[in-house]
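This report describes selected side-chain contacts in one protein chain. Please look over the sequence and the structure before reading on.

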Amino acid sequence: SLRRLTITGLLLLAAGPGSAAPDENSLGKAWGYPVAPRLAQAFQEGYRVGSFSAMDSLGPHCVLEPSATPLPLPRAASEPAFRYSYEGRSYTLDDYMQRQRATVLLVLKDGEIVSERSNYDRTPAHRHLSNSMAKTIVALAVGKALEEKRIRSLDDTAADYEPRLAGTVYGRTKILHLLRMASGARFVEDYSGSDDLARFSRIAQRNGTAAAAAEIRQMASEPGSTFNYASAETQMLGLVLRAATGESLCAYVGSRIWQPMGAQSRATWLTNPADGIEMSSGY
């Protein structure tokens, strides 16, 4: 069934127990992979595995309700002999799982599970942090809103839907360019703790997502000309979707994508405590 499928992991899904995993001791194996006592500690080594399966226990969130008619997700009769090459040597999926900090790996083909692996004692009952796979979910929701004419055109700007973005760089950006992460805004996202993402996130958590947009002021290129990975641009799409549809992301994605695809379990999306808006770039 789609019990495995949650918004916190559409592709990297839970699987059965695997072989010895990389760095399992530093990641908390001896303590049963504990969940962090608070959200700010969730990415610390000893808490990472446990927390990534329990993020909604650490902060405010909204819920995507399951489908009333879950869609079966059967297992194929046999597993192909998957192999990959790296630096002149051939490896199996089991080799990969013993060399990478991959929590789970699942391969689907023609509506069936053809291969499934896990590390760190994860099972099919666990859920997983989506990280930036959530960005694809937001893009799918933009597509649905365009199909339903809630969004008139991808050439509209973000401020055409969310007035609080008026006068900002992101407010002047076309939805199309936000989808492509090509606003032209200068935004460094290197996870150093002192980059633009950290600054944006601190302001958003204190004053709200729309307020944080006003802090992004400098341009680095012409809009639409250059790809630059920037999680803040997906946050802007989250604001656009809320304004365009009159619904939260949880409600809109739940009714347009999560339930129609036949998900058996509920999913959750962490929300910003400052304004109650989904942290749409991940979580």
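A residue is called buried when its relative accessible area is under 20%, exposed when that area is over 50%, and partly exposed in between. The model discussed here is predicted.

The side chains of Lys144 and Glu147 meet in a salt bridge, with 2.7 Å from N to O. Both residues belong to helix 3, which covers residues 133–147, and they are 3 residues apart, so about one helical turn separates them.

Across the whole structure, a search finds 22 salt bridges. One of them joins Glu45 and Arg101, whose closest N and O atoms are 2.7 Å apart. This pair links distant parts of the chain: Glu45 is in helix 1 (residues 45–52), while Arg101 is in the loop between helix 2 (93–99) and strand 4 (104–109), and the two are 56 residues apart. Glu45 is partly exposed, with a relative accessible area of 31%. Arg101 is also partly exposed, at 38% relative accessibility. Glu45 and Arg101 belong to a network of salt bridges that also includes Asp23 and Arg48.

Another salt bridge is formed by Asp94 and Arg117, with 2.6 Å between the closest N and O atoms. Here too distant parts of the chain are linked, with Asp94 in helix 2 and Arg117 in strand 5 (residues 112–118), 23 residues apart. Arg117 has a relative accessibility of 17%, so Arg117 counts as buried.

## Aromatic pairs

A pair of aromatic rings is described by the distance of the centres and the angle of the planes. The count for this structure comes to 5 aromatic pairs. Among them is the pair of Tyr84 and Tyr96, which is edge-to-face, with 6.0 Å from centre to centre and 80° between the planes. This pair links distant parts of the chain, as Tyr84 is in strand 2 (residues 83–86) and Tyr96 is in helix 2, 12 residues apart.

Tyr84 has a relative accessible area of 27% and is partly exposed. Tyr96 is partly exposed as well, at 31%. Ring pairs join Tyr84 and Tyr96 with Tyr91 in a cluster.

## Strands 1 and 6

Strand 1 (residues 61–64) pairs with strand 6 in the antiparallel sense, over 4 bridges. Within this pairing, Val63 stands opposite Thr268 of strand 6. Strand 6 covers residues 267–270; Ala267 and Trp269 point one way from the strand, Thr268 and Leu270 point the other way, and all are buried.

## The disulfide

How many disulfides does the structure hold? There is 1 disulfide. Cys62 and Cys250 form it, with their sulfur atoms 2.1 Å apart. The link is right-handed, with 75° about the S-S bond. Distant parts of the chain are joined in this way: Cys62 is in strand 1 and Cys250 is in helix 8 (residues 249–258), 188 residues apart. Both Cys62 and Cys250 are buried.

Methods: Residues are numbered from 1 along each chain as its sequence is written. This is a predicted model: local features need pLDDT of at least 70, side-chain atom pairs count only at pLDDT 80 or more; totals for chains, interfaces and linings use all residues. Side-chain values use heavy atoms; hydrogens and water are left out. A salt bridge is a side-chain nitrogen of Lys or Arg within 4 Å of a carboxyl oxygen of Asp or Glu. Buried means under 20% relative accessible area, exposed over 50%, partly exposed in between (1.4 Å probe, protein chains only). Rings of Phe, Tyr and Trp (its six-membered ring) pair if their centres lie within 6.5 Å; planes under 30 degrees apart count as stacked, over 60 as edge-to-face and the rest as tilted. Two strands pair if DSSP finds at least two bridges between them. A disulfide is a pair of cysteine sulfur atoms within 2.5 Å.
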